[in-house]
Amino acid sequence: MANQDLNPQDLKVDTLGEARVHSPLGLGSVGGDGEVDYIHDDRTVLHSTDRASLVEEVKAGREPAAFELAGPRKNIFFDPSHVKAAIVTCGGLCPGINNVIRTLVFEMYYRYGVRSIMGIRYGYRGFIPKYGYEPIPLRPDDVKDIHERGGSALSSSRGEQDEKEVVDFLHRKGISLLFTIGGDGTLRGALAIHREIKKRGLPIAVVGIPKTIDNDIAFVERTFGLETAFTMAAESIRTAHTEAIGAPNGVGIVKVMGRMSGYIAANAALAMNEVNFCLIPEVPFGLEGSFGLFALTEQRLRQRDHCVIIVAEGAGQEYVEDKSGKKDDSGNVVLGDIGVFLKDRIKKYFKEHTDLYVNIKYIDPSYMVRAVPANAHDAIYCIQLAQNAVHAGMAGKTGVIIGQWNGQFTHVPIALATSRRKVLSPEDPLWLSVLESTGQPVKIG
């Protein structure tokens, strides 16, 4: 997105009021003195680092779009001794959730001196009395080992809940800080909660930590769990490749998650580098004809005797779309199964149109990639996201998520992050790397 498409007001971060409490962190304030410094609110991260674009903005008299830099502030809004915090995890599981929960608790307890922290069980349902899920206290001893496990120590749920009831709960319990860990649906819920809080004039900060293995949150370079997910998916590709070369005319098909975005499929294809065709939602593909997937698969088998295909779950939905329009608990349209479709149709094509007998092995590791513990790189990222979330919340920042842009941690207004869905553009250098790695044509079909 070009700078001129961003309204400076869209990047403005909400605050609860003037920060008058001196931070207990004891950091420095002077650059170059060998100490880590507090971050000033006027520090920003440019949206675009393209020189030509920036020159054009300046010539036009426009201020280049920039995100507020995340990090600890010298003065904070809340008195830590009076803070009550709540943490909730929503949506599907994702590697790293427990790392985030653990760090939120450790950072608040040990660094800021917050002593009242509660965990909300089973997502947004945990705020609603009719479900009967009582919150649980969270102290360092309660979370010290949870990062070694996958899933969520607080459990999760999908589906919309009444933001008025959520805010009633927060007000009733005297909550000052709410941390929401989740993807697009969770953030839309957090935005509704934030707006209801603002409408009532309550001093409650809402800070989100974006969580989705699909990596489809706008204005965030990557979400935690993505790397662990595609690492696990790459192992499935290894298996598919082994099966494919282990039989005459072997075809290995791997279906991975990615409803609207093909980041898992693309990254897994590059990580394993044994994939011949990578199919993602953002790039349409054809099946029939000389340049269709069926003919290209046949050509690959006649040349090399084996073929590996990775497909994101949201790819090729025009072939398997459920016309009933059924939706899941999160309001997403239920997808047709493109993986099984390809397995059956490729087998049928070779039986009816060629003299080759194919050995097809189909692997769907979908839920396996979500439920494992975070790998080392994701674990580090989770810690940094959570630490910056606490800094933001204690400073009175609200209605924001912690993102990363141009290698820096940022404050991104939730309204902006949920205004669109990030997808893997066919013009992205990442997709070019995939094309060059797989050898597949720019257009299939």
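**Cavity, rings and loops**

Modeller: By class, the lining of the largest cavity has nine nonpolar residues, one polar residue and one charged residue, where Ala, Val, Leu, Ile, Met, Phe, Trp, Tyr, Cys and Pro count as nonpolar, Asp, Glu, Lys and Arg as charged, and the others, Gly among them, as polar. Please keep in mind that this is a predicted model, in which local features need pLDDT of at least 70 and side-chain atom pairs count only at pLDDT 80 or more, while totals for chains, interfaces and linings use all residues. Residues are numbered from 1 along each chain as its sequence is written, and side-chain values use heavy atoms, with hydrogens and water left out.

Colleague: How much space lies in the largest cavity?

Modeller: A cavity is a set of points, on a 1 Å grid over the protein atoms alone, where a 1.4 Å probe fits but cannot get out, and its lining residues have an atom within 4 Å of a point. The lining of the largest cavity includes C278, F285, W431 and K443. With grid points joined across faces, edges and corners, and the volume taken as the space filled by probe spheres set on the points, the space in the largest cavity comes to about 70 Å³.

Colleague: Which kind of aromatic pair do F106 and Y110 form?

Modeller: Rings of Phe, Tyr and Trp (its six-membered ring) pair if their centres lie within 6.5 Å, and planes under 30 degrees apart count as stacked, over 60 as edge-to-face and the rest as tilted. The structure holds 15 such aromatic pairs. The rings of F106 and Y110 have centres 5.6 Å apart and planes at 85°, so this pair is edge-to-face.

Colleague: Why are F106 and Y110 separated by about one helical turn?

Modeller: Helices (H or I, at least four residues) and strands (E, at least two) are DSSP runs, numbered from the N terminus. An α-helix has 3.6 residues a turn, so residues three or four places apart point the same way. F106 and Y110 are separated by about one helical turn because they are four residues apart in helix α2 (residues 97–112).

Colleague: Is Y110 buried or exposed?

Modeller: Buried means under 20% relative accessible area, exposed over 50%, and partly exposed in between (1.4 Å probe, protein chains only). F106 is partly exposed, with a relative accessible area of 23%. For Y110 the relative accessible area is 55%, so Y110 is exposed.

Colleague: How many residues apart in sequence are the parts that F127 and F169 tie together?

Modeller: F127 and F169 form an edge-to-face aromatic pair, at 5.2 Å centre to centre with 80° between the planes. Both F127 and F169 are buried. Since F127 lies in the loop between β7 (116–120) and β8 (136–137), and F169 in helix α4 (residues 163–173), the pair ties together parts whose separation in sequence is 42 residues.

Colleague: What is the phi of F219?

Modeller: F219 is found in the loop between β10 (205–210) and α6 (226–245), and ring pairs link F219 with F67 and W405 into a cluster. F219 is buried, with a relative accessible area of 6%. Although F219 is a residue other than glycine, its phi is positive, near 65°.

Colleague: Where is N249 found?

Modeller: N249 has a positive phi of about 50° although it is not a glycine. At 15% relative accessibility, N249 counts as buried. Its place is in the loop between α6 and β11 (250–256).

Methods
1 Å grid on protein atoms, 1.4 Å probe; cavity = no way out; pocket = protein on both sides within 12 Å on 5 of 7 lines; lining within 4 Å.
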